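User: Could you take me through this structure? I would like to begin with a helix packing.

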Amino acid sequence: MFSIISTMFLGIGIGYVLRNWTILQKTEKTISLTIFLLLFILGVSIGSNSLIVNNLGKFGKQAIILAISGVLGSLIAARLQERRRTMKGSLIVILFFCVGCIMGALNKFQFDTHTISMYILYALMLQVGVSIGSNKNLKTIISHLHPKMLLIPLGTIIGTLLFS
């Protein structure tokens, strides 16, 4: 837990020191790609789990009904809001996860998906930190923060440390 948060703070420091590099302004795209990779690995992990795949018939119908209902509801809401870009992004996320599930079911991978997903998570947190640190308005954003805004993240951190 601390190492993941420390990785993000390291990224903030790197981003702040190197904030004038124009390549750091493009970290949003790499963050999206890293999230897609993380979802793909999650899909591979689920697809290669024989317990889940063998019992798919038991809870598959319920999952399909929930998934179709969720997608239809999202499509209707997107149509009402006319935000097709957001819906396209959501479908890409679902696609990466589903392709990972199929790849995991078809191929019995012999590697530890948990370890790989942890390394991807570290990369994601570093990228998020760099994105925060390289923000040209970082000083302004921090100066406008009110101490009350820190209560929720602080409570979350304290609760996580106490009860996990």
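User: Which residues of α1 meet α6?

Analyst: From α1, the residues Ser3, Ile4, Thr7, Met8, Leu10, Gly11, Ile12, Ile14, Gly15 and Tyr16 meet Met118, Leu121, Tyr122, Met125, Leu126, Val128, Gly129, Val130, Ile132 and Gly133 of α6. Contact means heavy atoms within 4.5 Å. Helices are DSSP runs (H or I, at least four residues), numbered from the N terminus. This is a predicted model, in which local features need pLDDT of at least 70 and side-chain atom pairs count only at pLDDT 80 or more, while totals for chains, interfaces and linings use all residues. Residues are numbered from 1 along each chain as its sequence is written, and side-chain values use heavy atoms, with hydrogens and water left out.

User: How many residues of each class are in that contact?

Analyst: The contact of α1 with α6 has 14 nonpolar, six polar and no charged residues. Here Ala, Val, Leu, Ile, Met, Phe, Trp, Tyr, Cys and Pro count as nonpolar, Asp, Glu, Lys and Arg as charged, and the others, Gly among them, as polar.

User: At what angle do the axes of α1 and α6 cross?

Analyst: They cross at roughly 35 degrees and come within 6 Å. Axes are lines fitted to C-alpha atoms, for helices over the stretch in contact, with angles running from 0 to 180 degrees between N-to-C directions.

User: Now Val130. Is it buried or exposed?

Analyst: Val130, in helix α6 (residues 113-133), counts as buried because its relative accessibility is 9%. Buried means under 20% relative accessible area (1.4 Å probe, protein chains only).

User: What is Val130 in contact with?

Analyst: Leaving aside neighbours within four places in sequence, Val130 is in contact with Gly11, Ile12, Ile14, Gly15, Leu24 and Thr27. Arg19 is 111 residues from Val130 in sequence, and their C-alpha atoms are 8.6 Å apart in space.

User: And where does Ser134 sit?

Analyst: Ser134 is in the loop between α6 and α7 (138-143). Ser134 counts as buried because its relative accessibility is 2%. Not counting residues up to four places away in sequence, Ser134 touches Gly15, Tyr16, Arg19, Leu24 and Gln25.

Methods:
Helices (H or I, at least four residues) and strands (E, at least two) are DSSP runs, numbered from the N terminus. Buried means under 20% relative accessible area, exposed over 50%, partly exposed in between (1.4 Å probe, protein chains only).
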